[in-house]
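Below are my notes on the model, as numbered points. Please read them with the coordinates open.

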Amino acid sequence: MNDRVIAYQHGIYPRSEDLVAATRGLERARASQHEVDERIDADLADFVRTQRDAGLDCFSDGLLRWHDIFRPLVRVSKGVDARTLVRWFDNNSFFRAPEITQRPSVESNLPAVFDSRTLVPEPRLATLPSPYLFSRAADTQRHRNDLMRELARYVLRPVVEGLAERGYRVVHLQEPWLTFFGIEPSDWASFEEALQELREATAANQMTFVLHTYFGNAIPVVDRLRRMPVDAVGVDLVETDLDAFKGRWEMGLLLGCLDGRSSTVEPLDGSVRLVQRIADALEPSALYLSSNCELEFLPREVAKRKVLRLGEIARHVRGTP
Amino acid sequence: MSSTRDILSKPLLTHELGSLDKPSWRVKAYAGVALDERDIEEALSWGMRLEVPDHERLLDLLGRSPLDDAQRQEVRRWSSRYGLRLEESAGLDVVYDGEQQRSEMYAWAVAHANGFEWRGSVRAFDNKYYSKAAVTGPISLREPYHNAEFAFLRSVAGAPLKVPVTGAYTIADWSFDEYFIRDHDLALPVAERRKQRHEARRTLVLELASNLIRPNLQALIDLGATWIQLDEPGASTDPEELDLFVESFNVSVDGLDAVFSTHLCFSDYDLFFPAIERMHGCRQFAVGFANYDRRELGRSDEARPGYAVIKRFRDLPYRPILGLGVLDIHSDFIESPELVRDRILYAVDVFGDPYRIHVTADCGLRTRSWAVAFQKLVNMVAGVRLAKRELGLSQV
């Protein structure tokens with residue numbers, strides 16, 4: 001197991017106080033776009049340093065230019081707009097619901113937000129919305145399962161292929177909808193089809209493909225999830241008792257082992273014990289460690305401590321503290 | 001008090017809802033940053049446009065920068081006058097000052113409470129962030145934190161006042177809990193952690209209601225406040241805690257001698273039912289709907305999808321008034337008077353009673369420029385006039 005423990009930080013990472021002030025200044029015409037860009041680069045360099053210090057195995061750009069998990073994809077897609085603010089699950093955080101009025105498709109090349117190659121070392125990790133989440137969070141009159149397949153084929157797949165060309169090696173899909181709101185039995189086949197679309201793109205490019213559920217208990221859906229065409233399935237250990245799962249886990253398993261919504265950093269010993277216990281019991285083909293959700297609900301300094309703790313947990317689980 | 005009850009019974013009453021953006025001259029002068037010509041011009045032009053009495057004195061004060069502490073406090077009061085006049089000039093029936101003297105609705109309350117420590121900025125949406133604190137000790141009121149502004153506003157306002165006060169549940173929801181939640185070890189069983197979390201949350205929310213909000217409300221009432229709005233934008237964040245939200249409202253206001261209303265926004269409002277059936281002390285719910293609505297004219301169910309839920313407010317057993325949000329505060333789109341009219345007439349048709357409908361923005365307009373905020377409010381008042389005309393109601 002030791003050589004198959006991979007730690008990375010997914011999702012939108014919080015901005016520094018300086019960057020928050022700069023973006024506020026830009027909106028009030030008291031700062032320039034150039035100043036904001038410089039702050040973003042500084043934040044990105046700092047986040048890369050944190051990931052290195054933590055000893056993480058893949059590097060994220062922290063999605064520092066993203067306003068929410070959909071926005072850059074909305075901006076480069078035909079037939080998609082974003083206006084209405086909607087609560088992001090049970091958080092004091094809001095996204096603009098993608099408004100989809102026709103078959104969506106990526107209009108231009110890869111969104112500029114991914115163009116941080118010079119600052120982010122390889123191997124790189126990209127976080128994208130799962131097609132199920134995307135289709136359910138959308139404001140649309142279209143049939144949602146049709147939309148889910150279209151989003152996978154015409155929006156997410158071209159983006160994944162673009163990412164492969166740019167040195168990204170892990171595609172991490174965020175899927176909180178499934179475990180927060182649930183899924184109808186009749187929707188699984190379409191979801192699988194949508195994931196298969198992306199699976200073909202990741203497999204052709206030797207990318208690792210992770211589907212990560214969070215904000216809810218994964219146990220009720222875990223059997224079905226394990227038959228999905230992905231390399232690993234992620235679960236949120238804040239909400240899920242994996243001790244309740246019996247049997248072997250014959251694929252990759254991502255453990256969301258740090259609470260991205262709590263300002264208290266989890267104790268090292270307890271976290272290592274928990275991860276080790278699950279790994280020993282389930283024997284996954286590869287073990288991925290990350291936070292249970294994106295860290296943007298935390299102030300940056302707290303998030304930084306969590307990322308460093310993630311690295312510590314990974315080293316202890318590998319037996320190389 | 002009786003005059004407040006009279007005002008509340010006015011059909012299609014228009015009122016303020018929360019904060020306005022802070023003018024650059026206020027922000028800079030208060031922060032000790034040098035003002036430029038544009039700031040002075042902004043103070044002058046809005047002073048003239050809103051007919052702020054004696055606004056030349058503000059220009060004189062700004063010209064003395066850098067300001068000492070007393071002068072900086074005076075700048076804040078000028079900002080209050082401007083905010084108040086903006087709402088009065090737009091024609092609102094009930095006003096406040098756009099919370100010009102407060103730092104922010106959450107930060108202001110926390111800064112006047114014991115038991116918190118600041119942790120840093122967290123995103124709410126887009127590029128909008130708020131400072132988030134952690135609860136680190138027992139909660140109590142350090143000092144009443146709206147009395148000074150209320151006393152000042154009462155001395156300068158021409159229209160009746162409603163005091164917005166951030167509610168207990170929202171303060172709890174927007175804070176980290178490092179005090180009541182004792183154990184953060186994920187190795188504990190989920191059910192045990194969840195039980196601890198719920199118990200800790202309940203203790204925190206009710207302690208905020210009884211030890212922070214209630215004494216602050218009592219201080220306002222002692223000073224003469226008669227209508228107080230508890231702002232609870234976080235109320236439906238956790239659908240499993242709506243009973244706790246209702247309990248916290250009741251603990252905050254039960255037995256106090258004033259009219260209490262609450263403001264809810266950016267939520268799935270269906271979640272509030274049936275929990276708010278027990279919120280008997282709430283005379284009015286001010287709720288944001290325009291964000292979810294279409295922008296085309298029309299008064300049918302199909303034309304007004306953002307207002308589909310209002311019949312559930314109509315059917316509440318204690319027959320509260322609905323403060324109908326008709327302005328999308330997250331967009332520079334200026335609602336026409338006709339669009340406002342149609343939203344109102346749809347709601348009046350659903351309620352069958354214009355006396356149970358008040359008219360307001362979805363939420364505070366602080367993310368909009370003053371030019372946009374003012375025009376939205378002017379059109380809102382114009383829309384009310386159109387609606388009243390169709391309903392045959394007095395324009396007074």
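1. The interface comes first: 32 residues of chain B are in contact with 39 residues of chain A, a contact being two C-beta atoms, placed from the backbone, within 7 Å. On the chain B side, β1 (113–125) and β2 (128–141) each supply at least two residues. The strand β1(B) gives the most, with seven residues. By class, this side of chain B has 13 nonpolar, 11 polar and eight charged residues. Here Ala, Val, Leu, Ile, Met, Phe, Trp, Tyr, Cys and Pro count as nonpolar, Asp, Glu, Lys and Arg as charged, and the others, Gly among them, as polar.

2. On conventions: this is a predicted model, in which local features need pLDDT of at least 70 and side-chain atom pairs count only at pLDDT 80 or more, while totals for chains, interfaces and linings use all residues. Residues are numbered from 1 along each chain as its sequence is written, and chains are lettered from A and ligands numbered from 1 in the order in which they are written. Helices (H or I, at least four residues) and strands (E, at least two) are DSSP runs, numbered from the N terminus.

3. Chain A has 10 helices and 10 strands. Its radius of gyration, taken over C-alpha atoms, is 19 Å, close to the 20 Å that the globule rule gives for 321 residues, so chain A is as compact as a globular protein of that length. The rule is 2.2 Å times the number of residues to the power 0.38. The C-alpha trace of chain A spans about 55 × 45 × 35 Å along its principal axes.

4. Of the 321 residues of chain A, 53% count as buried. The cut-offs are 20 or more other C-beta atoms within 10 Å of the residue's own for buried, 12 or fewer for exposed, and partly exposed in between. Among contacts in chain A between residues at least 6 apart in sequence, 74% join residues at least 24 apart.

5. Ala218(A) sits in the loop between β7 (208–213) and α8 (222–225) of chain A. It is buried, with 24 other C-beta atoms within 10 Å. Leaving out residues up to four places away in sequence, Ala218(A) touches Thr179(A), Thr213(A), Leu225(A), Val235(A), Asp236(A) and Thr240(A).

6. In chain B, six of the six residues of strand β6 (residues 259–264) are buried, so β6(B) is largely enclosed by the rest of the structure. Val259(B), Ser261(B) and His263(B) point one way from the strand, and Phe260(B), Thr262(B) and Leu264(B) the other way.

7. Which strands pair with β6(B)? Strand β5 (residues 227–231) of chain B is joined to β6(B) by five bridges and runs parallel; two strands pair if DSSP finds at least two bridges between them. Ile228(B) stands opposite Phe260(B). The chain crosses from β5(B) through helix α10 (residues 242–253) to β6(B), and this β-α-β crossover is right-handed, that is, clockwise from the first strand over the helix to the second with the strands pointing away from the viewer. Strand β7 (residues 284–287) of chain B also pairs with β6(B) in the parallel sense, over four bridges, with Phe285(B) as the bridge partner of Thr262(B).

8. Arg356(B) lies in the loop between α12 (337–351) and β9 (357–360) of chain B, and is buried, with 20 other C-beta atoms within 10 Å. Arg356(B) and Ser9(B) are 347 residues apart in sequence and 7.9 Å apart in space, C-alpha to C-alpha.
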